[in-house]
Amino acid sequence: MDASRILDLFLFAIPSLIVGLIAYYFFKEHTKNEDGRRRFLLKKDLQVSAMPLRLQAYERLALFLERISPNQLMVRVTPVSSSKEDYEMLLIQNIEQEMQHNIAQQIYVSEKCWSVISAAKNATIQLIRKASLLEKTDTANKLREVVLTEMMERRAPSDAALSFIKDEVSDLW
C-alpha cells in the first residue's frame, strides 16, 4: 500500500470523524435537555400536589400558635385547684400536648420556620415558669393574672412566630 493511498484514506476518515463527534455532542446535549425537561415537569407536578399539604401544615401550625398564646391558653385552660404548681404543670402539659399533635407538620415547612415555632413554644413555657417563680404569685388565679398582665405589656412569643409563618406563606406565591 502506498503512502498516497493511506493519506487518501486518512483524509476521507477525518470528515467522518468530525461529523461523528458533532453528532455525538448534539445527541448528548439533546438527551441532557430532555432529561432536564422531564425533571422539571416532574418537579412541577409534585409541587402542584404538595402545595395543598404544605398550606394545610401552615394552617395547623398557625392554629397551634394561636392555641398556645398565653391569652388564649389562660382562657381555655382553667385551674383545677388553687395550687400554682399544679396549674403551671397543667399549662405546660397542655402546650406540650398541642406540640405533639402538630409535630408531623415539620416535614412540610422549612427548617427555619420549625425552629421559630419551637422557640415560640419554649418561650411561652419559660414565660409561665418565670411568672410562677415570682413571690407575688401564690395561687393559680394569681398566676393567671400575672401572665395576662405580662401579655398586656408585651407581645406573646407566638405572635412573632405567626408573623414568620405569614411571611413564609406569602413567599410561596
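The model is predicted, so local features need pLDDT of at least 70 and side-chain atom pairs count only at pLDDT 80 or more, whereas totals for chains, interfaces and linings use all residues. Residues are numbered from 1 along each chain as its sequence is written, and side-chain values rest on heavy atoms, without hydrogens and water.

Glu34 has a partner: its side chain forms a salt bridge with Arg37, with 3.1 Å between the closest N and O atoms. The term salt bridge is used when a side-chain nitrogen of Lys or Arg lies within 4 Å of a carboxyl oxygen of Asp or Glu. Arg37 and Glu34 are three residues apart in helix H1, so about one helical turn separates them. Helices here are DSSP runs of H or I with at least four residues, strands are runs of E with at least two, and both are numbered from the N terminus. Arg37 is partly exposed, because its relative accessibility is 44%.

Asp35 is partly exposed at 31%, while Arg39, at 57%, counts as exposed.

By the same rule, the count comes to six salt bridges. Another of them joins Lys121 and Glu96, with closest N and O atoms 3.2 Å apart. This pair links distant parts of the chain, since Lys121 sits in helix H4 (residues 111–133) and Glu96 in helix H3 (residues 84–102), 25 residues apart. Lys121 has 9% relative accessibility and therefore counts as buried, whereas Glu96, at 29%, is partly exposed.

Leu7, Phe10, Leu11, Ile14, Ile18, Ile22, Tyr25 and Phe26 form a nonpolar surface patch with about 810 Å² of accessible area together. A patch is built from residues with over 30% relative accessible area and no salt bridge, joining like charges within 9 Å and nonpolar side chains (Val, Leu, Ile, Met, Phe, Trp, Tyr) within 5 Å. Accessible areas come from the Shrake-Rupley method with a 1.4 Å probe, and for residues only the protein chains shown count as cover. Ile18, one member of the patch, has 46% relative accessibility and so counts as partly exposed. An unreviewed UniProt entry lists residues 6–27 as "transmembrane region"; such positions are given in the numbering used here, feature names are shortened, and annotations may be inferred rather than shown by experiment. Over residues 6–27 the chain is 100% helix and 0% strand, with 31 Å between the end C-alpha atoms.

What lies inside? The largest nonpolar core has 33 residues, and Leu65, Tyr87, Leu91, Ile117 and Ile165 have the most contacts within it. H1, helix H2 (70–76), H3, H4, H5 and helix H6 (157–172) each give at least two residues to this core, and the largest share, eight residues, comes from H4. Such a core is a set of buried Ala, Val, Leu, Ile, Met, Phe, Trp, Tyr and Cys residues joined through side-chain atoms within 4.5 Å. Beyond its neighbours within four places in sequence, Leu91 is in contact (heavy atoms within 4.5 Å) with Leu73, Met74, Val77 and Ile128.

Conventions. Buried means under 20% relative accessible area, exposed over 50%, partly exposed in between (1.4 Å probe, protein chains only).
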